[in-house]
Structures are given as structure tokens and as C-alpha cells.
Amino acid sequence: TIEMPKPGQTNAGSCKAWIQYGGKPDLILTKVEWTKYRFTRTGPLVDAVRVVVKNRNPFANAGTSKTRVQSMNCSQAAVTTLMVDTPAIPGGASRTVVRPLSRQYPAAYLNAYANATNTVPETIKTNNHWAGDMGVCIK
């Protein structure tokens, strides 16, 4: 509590600060995208998925977790499901993970969930989903 005088008063009132996150991490996906990636220095470029997971709480570190990435078809069914090991993320930081994932037909877009196995206790669990762009399916 911080004591602050109100306008026109000589005595102080009080002001309470509110912290949104509390003591738990809050994992979100800030980017999920198809890419081409070379996993070895001389290896070929292959289809892959790049996932960026952010811990929005600057006051709490997040332990290791798993991110579920799905390539989806236009009927909204999973073509391939991949569980991506996500490293520990310090408060307020992000981590990028790239893994091979085929983009061949019928895969049309990506769907993903941060902390898919609920190994990291979070302040907000309802913001872990990345809804892929189904625009490629509209003709």
C-alpha cells in the first residue's frame, strides 16, 4: 500500500497495486509457422515448423514443457501431431523451437497448444491455444 495525498487534502489516502500474474508463469504462443530448415550444417532444407513460446509473467520462471503442434486439413482434422519439447523459459522471455514437420497434402494449416501436458502450473490456462489460419481452405 502506498500512502498518497488526495487533491486538496493534507492527509494521505491509500493506493493498492494489482499484479496480474501472481507467482505463476503464463505461457502463450506468439508464432507458429511453416518454414524450411537445415538441421545440420550440410544437410538439405526440409519442411519444418517454428514455434515461439513466451512466458508473459516477468516475475516467474517456467520449467520445461511440451507444445503440441498439429498439421490440419481443411476438414479440421489433424493430419500429423507432434509433441515439441520446450525448454525452460525465464520470466518475460521467449524460446524458439524448430522441428521437422511435413507440409505435404492434405496438411493445410497449423494448430498448436503451449504447455499441452500441463506440466507448468500457470496463472492463465485459457490462452495456450494457437488457432491456425484456415484461410487457405476457403476457395
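Mentor: A disulfide joins Cys74 to Cys137, with an S to S distance of 2.1 Å. This is a predicted model, where local features need pLDDT of at least 70, side-chain atom pairs count only at pLDDT 80 or more, and totals for chains, interfaces and linings use all residues. Residues are numbered from 1 along each chain as its sequence is written, and side-chain values use heavy atoms, with hydrogens and water left out.

Trainee: What is a disulfide, and how many does the structure hold?

Mentor: A disulfide is a covalent bond between the sulfur atoms of two cysteines. The cut-off used here is a pair of cysteine sulfur atoms within 2.5 Å. The structure holds 1 disulfide. Cys74 lies in the loop between strand 5 and strand 6 (78-86), and Cys137 in the segment after strand 9 (129-130), so the pair links distant parts of the chain, 63 residues apart; strands are DSSP runs of E, at least two residues, numbered from the N terminus.

Trainee: Why is the disulfide called left-handed?

Mentor: The torsion about the S-S bond of Cys74 and Cys137 is about -85°, so the disulfide is left-handed.

Trainee: Where is Thr67 found?

Mentor: Thr67 is in strand 5 (residues 65-72), and counts as buried at 0% relative accessibility.

Methods. Helices (H or I, at least four residues) and strands (E, at least two) are DSSP runs, numbered from the N terminus. Buried means under 20% relative accessible area, exposed over 50%, partly exposed in between (1.4 Å probe, protein chains only).
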